[in-house]
Amino acid sequence: MAELEITNLRKVFGDEDETIVAVDDLSLDIEDGEFVILVGPSGCGKSTTLRCIAGLEEPTSGDVRLAGQSLLDKRPSNRDIAMVFQNYALYPHMTAFGNMAFSLEMGTDLPRDEIRRRVEDAAELLEISELLEQRPGELSGGQQQRVALGRAIVREPEVFLLDEPLSNLDAKLRSSMRAELQELQNQLGVTTIYVTHDQTEAMTMGDRIAILNQGKLQQFGTPLECYHEPNNQFVAGFIGSPSMNFLEMAYTDGVLDNGHVQYHAPQSLLDHIPPNTSNLVVGIRPEHIETNADPGDQNVINVVIEVVEPMGDRTILYTSIGEEPIIISSAEEEIIEEGSEIPIHFPPDKMHLFDRTSGESLRAYERASPLAEVK
Amino acid sequence: MLAELQANIKTIHARIDDTSWDAFTNPDSELAWYVLVGPKLFLFLTIFVFPFFFAIWMSIHEWHMLAAEHQFLGLDNYTRMLVDSRFIDSFVNTVIYTLGLTLSVPIALFLAILINKNIRGSAFYSAAIFVPVVISWVVVSLIWMWIYNPDIGMLNALLEAVGLPTSQWTRGVRTALPSLIIIGIWKTVGFNLVIFLAGLRGLPESYYEAATVAGANSWQKFRYITMPLLKPTTFFVVLVVLITAFREFTPMFVITDGGPVTATHTIVYYFYIVGFERGQMGYASAMAVVLLIVVFVISIIQQRTWGQDVDY
Amino acid sequence: MAARFNLESLPSWRIVAIHVILMTAAILAIAPFVYAFLTSIKPSPEILGAPLQPITPNPTIEHYITFWTEHPFDRWVLNSLILTTGAVFASLLLDSLAGFALAKGEFRGRYGIFLLVIGTFIIPPQAIMVPLFVQMGWIGWQNTYWGIMILIISAPFGVFLMRQFYLSISDSYLEAARMAGANTFQIYFKIILPMGKSALAALAIFKFIFMWGAFLWPLIIVDSGAMFPIPVGLGLFEGQYGDTPWGQVLAASLLTAAPVLVAYILAQEAFMKGIALQGGVKG
């Protein structure tokens, strides 16, 4: 069993004059064999977290435990953890074989033929057997990537750490490597933590994703949970492309109003609004806005389409409500002209409500209410 | 409960394993870094830093090479320089020589711009112009000594052949220093050229393309793009030329022996004569301190007047 | 991106003019050596009588033979070889070790030591030669190989250069090695040293040229002919005669320049890089 527990991890950089909190009270329980994605904008602390797990940084406080044992007192090489670096860090003066064998030669007393066997096995698994005698300079980006993976695999670690491993590849290679990495992880069954800022990788690759912002954990759940039930406005805006539309609205007596449109909230929505709330943010994903509403219906908004971007399978429409830009991703095949006015509708079950000051999702309010518990 | 205890014991064992490692092999140990930097640091301290202070100390003493006792003189060695006409000559000559060598900077810049136009043979031209840089000063001095020889040297023979007046070159009181300046320029151009070329190659091509589109001619491109962007490089080249020229010794020693009379005495030449031929090491140290101050001041002035926005 | 100029935009007369100027500069740079060589194989009467005649009808190597047999030139060559080899290897080792520590190490005093490196840059070596000479006397290093080499080995330039180079190596290489279980010394020997080959080569050339051509310090510290490196032997040899034997002077000069010239022709790029490093480091 090799579950990895990160408890109240905190990492502060800097001296007395100026400190930067890179990771702030982060706790994650990662199960054995799980593929977890750490995702967030740059500077959110995801790489620092990874480096604390690897032992390349010393946490300011908190603990990292593998199979119940704290890793903090151990050296990086004794942690049973292998890491793949963003730039691969393949030694240019060693062959692919030398690179893959290096950590076994340095960190273990394995006999030579055992090292050879392990490297060759990993090479076979990664389909790079014929490249073993080449140096990194002679390999393509994708091949280097495989050697870097091989270097991690030969150590047969309990945990893989991958730091944006696909960011140096071109788009086509990246998407094929995504699938391959997933399959590889499945096959090896090794607990994996994968850092990325790319939300496609986050959505498609992991069992669960941990979304970080400014050192704080925003949400830890399956990709679909994060998509459908974002904890807060940050997660809602970060996951999904194009990202969610937000409208600041005032709430009085069942009506949401932003000065340009009024929305009569149905009961299903009202359930989520705590008493005494007057200001909130309404979120709706571009792909959830309906463009074929009946102009006569309640809550239908007439908007002028400013720009139309046909993508083939769907069409991206740019419009605005008042000052706020609204993006619509429509699956309708009917062609919409730029400058035309269309009626749009926000289906209430697809609407997200956030507290305007804290940014927290109000749907959590319902789950926390006594009513929800009964349910 | 038991599992927890076992885990604790394991942690303790792991900790012992880790910390009992030899401090030399522990990657977190600072000691290893001190071992790496130590030898060089020791040399800095003994070969540069200590002598630096020792020189100042010697300069305020009468310190003869063979004497056992060294009398304290205060600033006498320094005031002595002011009335020592050979030192004053040396100082003036050094300044003239140094300023003369800065002529190598525009020559090098001009050649670098031509080479950077990438006509066929550019690599050959720059390689050839660089040859004098790699050849040692003694060899260069001996060869030029022969070239300048008024009786059998090729320079006078050449001038005679085309009907121009000949010269005493290094043997003439007026011509000796300029003759050495010519050698200095000849030997320095290649170095400056290579640095300018590196600077020019680092300039973004897009600036020139944009200027071409805007209708700029070559002079305008040079004036408004190359010159400002090359300022840090020029700054550095001038600094290196000034500092190295200011301490020149070999050609004065080998070719002219400081002469005729004091025509090619330079600070370092006179310093050598005083310190190691006459053995007056206290006085020589005072000159060394002056040399140090001048070199330091050159760097500062350079920084202040030209290098304000130079980031290095 | 290199700022390269469009060839098509240059009219052909300008290309010709550029060739003429550059060719002149190249000839001026090389001609003294070529002419020195052509003269060194002339018999003495021709050297004195016909300085302009380019090719002698009676080529001879008598000056080379006379010089070599009448002076301990082979001893000077041996001295210079020992000195350059020693100085180059000692510098490479010490400078790469210290450069590595200053670029990648985490230890107290690192910044202070780096400031010291920068500070010693400003000290002209000539300024410390008198006290250093006295110090060498204290430890009996006057007139020894160690005494001659020490100044070149101690120069701060190499540390600065190697540090700059190692700074450009991504930390992830060292981190990967640390995760593999390598200690600081293993990282130095297995990662840092091989990855820094190009910088080491440039530094080696730089130190080689400086040691091979060093004149003032060896002149000061050496007092016996048997310890002379070539430049000192040559520099003093010329002054021994009232009537300079020019054939021998030129022959000896060319013999001294030959190894450097050959090495330069074989590895021009590396040489230019090596010497221009001085500029690249700061500029």
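**Entry 1: domains of chain C**

I looked up the domain assignment of chain C, which gives domain 1 (1-60) and domain 2 (72-279); such bounds come from an automatic or database domain assignment. This is a predicted model, in which local features need pLDDT of at least 70 and side-chain atom pairs count only at pLDDT 80 or more, while totals for chains, interfaces and linings use all residues. Residues are numbered from 1 along each chain as its sequence is written, chains are lettered from A in the order in which they are written, and side-chain values use heavy atoms, with hydrogens and water left out.

I took the centres of the two domains of chain C over C-alpha atoms and found 32 Å between them. I then listed contacts (heavy atoms within 4.5 Å): six residues of domain 1 of chain C touch five residues of domain 2 of chain C. Between them these domains bury about 460 Å², with 90% of it on carbon and sulfur atoms. Buried area here is the accessible area (1.4 Å probe) that two parts lose on being put together, summed over both.

Helix H1 (residues 12-40) of chain C gives the most to the side of domain 1 that touches domain 2, namely five residues. I sorted the residues of that side into four nonpolar, two polar and no charged. In this sorting, Ala, Val, Leu, Ile, Met, Phe, Trp, Tyr, Cys and Pro count as nonpolar, Asp, Glu, Lys and Arg as charged, and the others, Gly among them, as polar.

**Entry 2: chain C against chain B**

I next examined the contact of chain C with chain B, which takes 101 residues from chain C and 98 residues from chain B. The area buried between these chains is about 9,400 Å², and carbon and sulfur atoms give 79% of it. I counted two salt bridges across this interface. I noted a salt bridge between the side chains of Lys40(B) and Asp95(C), at 2.6 Å, N to O. On the side of chain C that touches chain B, H1(C) gives the most, with 17 residues. I recorded the residues of that side as 75 nonpolar, 17 polar and nine charged.

**Entry 3: confidence in chain B**

I checked pLDDT, the predictor's confidence in each residue, from 0 to 100. Chain B has a mean of 84, and 88% of its residues reach 70 or more. Over residues 308-312 of chain B, pLDDT stays under 50, and the model has seven contacts beyond four places in sequence for this stretch.

Definitions and conventions
Helices (H or I, at least four residues) and strands (E, at least two) are DSSP runs, numbered from the N terminus. A salt bridge is a side-chain nitrogen of Lys or Arg within 4 Å of a carboxyl oxygen of Asp or Glu.
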